[in-house]
Amino acid sequence: MKNVTHSFVFLAHWPFAGSFGLNTDILATNLINLTVVVGVLIFFGKGVLKDLLDNRKQRILSTIRNSEELRRGTLEQLEKARIRLQKVELEADEYRMNGYSEIEREKENLINATSISLEQLEKSKNETLYFEKQRAMNQVRQRVFQQAVQGALGTLNSCLNTELHFRTIRANIGILGAIEWKR
Amino acid sequence: MNITPCSIKTLKGLYDISGVEVGQHFYWQIGGFQIHAQVLITSWVVITILLGSVIIAVRNPQTIPTDGQNFFEYVLEFIRDLSKTQIGEEYGPWVPFIGTMFLFIFVSNWSGALLPWKIIELPHGELAAPTNDINTTVALALLTSAAYFYAGLSKKGLSYFEKYIKPTPILLPINILEDFTKPLSLSFRLFGNILADELVVVVLVSLVPLVVPIPVMFLGLFTSGIQALIFATLAAAYIGESMEGHH
């Protein structure tokens, strides 16, 4: 170590390029004190630092463990929910199928009932038609017969003169006589 | 000189035991600038320590952190808590800055207190913590200034400058002055504390080489840590302050 007098002496001409060297004076380099200080620092500081860091590590570990547990719990819940969802879906499918078959059956029933009533209606319609036709035919027949009888009466009335009258009577008598004779 | 060789010799012998060096630097000339090389060297060592340990610790990240990773995650958590309490909701982008400040200053301070720098002899000056030099702390403080200006401007645009006339325009000079006192206080606080720590240790060592400096060294460790924390906290607080008051 250079001293103050030296620096005053050399103040006028500082050596800009000098030489590096090792100072081997143990007292001047303060080595012993430094060693003691570093030793004490390590001795006490190590414990404190170790505690601090261990605490931190434990905190991190517990945080990680907590989150792991949370994650596991959540996963379990998710699994449960998924199973429930599956079950519910199955039930829903079942219900849907049941509903469909019910509806089908209902439809068939309805169709059957409707077709039956439809047939009955058809039958009654046919019968009605038949009766109406029959009645109309009867009426037409009656009318035609009446007209024919009237026509015949008219013809008879217009054409029946005395000679024809006699001839007819004779013919009838002849027929009656033949019947009597046969007996 | 008016001193006899004999007395010079005695004095030299005395000073060999009790020599204290202040304001001595090992200069490098880089592009017309005089560089304090001992600060550069120790900074590189600090940077190497930080980068190396980080790379080793997070080379193989695990879900359940191993020891090194656990430690560094703890440190990161600490820094994030710090920036969150100081900056507020939008602390995310500033964690790297605050963390860099804190870790660099902390490791620098502790390297000055724990590493036997004096084993290596320089041509001139001696190795010590990088924060032992005012240039380092001023650089860090100016970075902080730039950071909080950037934070405020990027958050609020030009309306950032409205804060200078709040609550009343009378306070304008004081508010402007604050922008200068902030880096000043930051840099001098850190520089003074670390320099004082190391000086006390060096003086005590030169007086009583053994045992007596040890409590002071522990005090120095404590102060160093506190100073790093204060610097990081204040930097975060300044950033938070320049970003607040906007929705």
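This is a predicted model: local features need pLDDT of at least 70, side-chain atom pairs count only at pLDDT 80 or more; totals for chains, interfaces and linings use all residues.
**Ground rules.** I number residues from 1 along each chain as written, and letter chains from A and number ligands from 1 in written order. Local features need pLDDT of at least 70, side-chain atom pairs count only at pLDDT 80 or more, totals for chains, interfaces and linings use all residues, and side-chain values use heavy atoms without hydrogens or water.

**Chain B overall.** I found 7 helices and 3 strands (DSSP runs: H or I, at least four residues; E, at least two; numbered from the N terminus). The order is α-β-β-α-α-α-β-α-α-α. Of 247 residues, 41% count as buried (under 20% relative accessible area, 1.4 Å probe, protein chains only). Chain B exposes about 13,100 Å², with 72% from carbon and sulfur atoms (Shrake-Rupley method, 1.4 Å probe).

I looked up S1(B), residues 27–30, and S2(B), residues 33–36: they pair antiparallel over 4 bridges (pairing takes at least two DSSP bridges). Tyr27(B) stands opposite His36(B). There are 2 residues between the strands, and Gly31(B) has a positive phi near 55 degrees.

**Patch.** I then checked a nonpolar surface patch with about 780 Å² of accessible area; its members include Ile26(A), Ile32(A), Val203(B) and Leu207(B). Membership takes over 30% relative accessible area and no salt bridge, with nonpolar side chains joined within 5 Å (salt bridge: Lys or Arg side-chain nitrogen within 4 Å of an Asp or Glu carboxyl oxygen). Helix H2 (31–159) of chain A and helix H6 (172–207) of chain B each supply at least two residues. Ile32(A) lies in H2 of chain A. Ile32(A) counts as partly exposed because its relative accessibility is 38% (the class between 20% and 50%).

Technical notes. Patches are made of residues with over 30% relative accessible area and no salt bridge: like charges are joined within 9 Å, nonpolar side chains (Val, Leu, Ile, Met, Phe, Trp, Tyr) within 5 Å.
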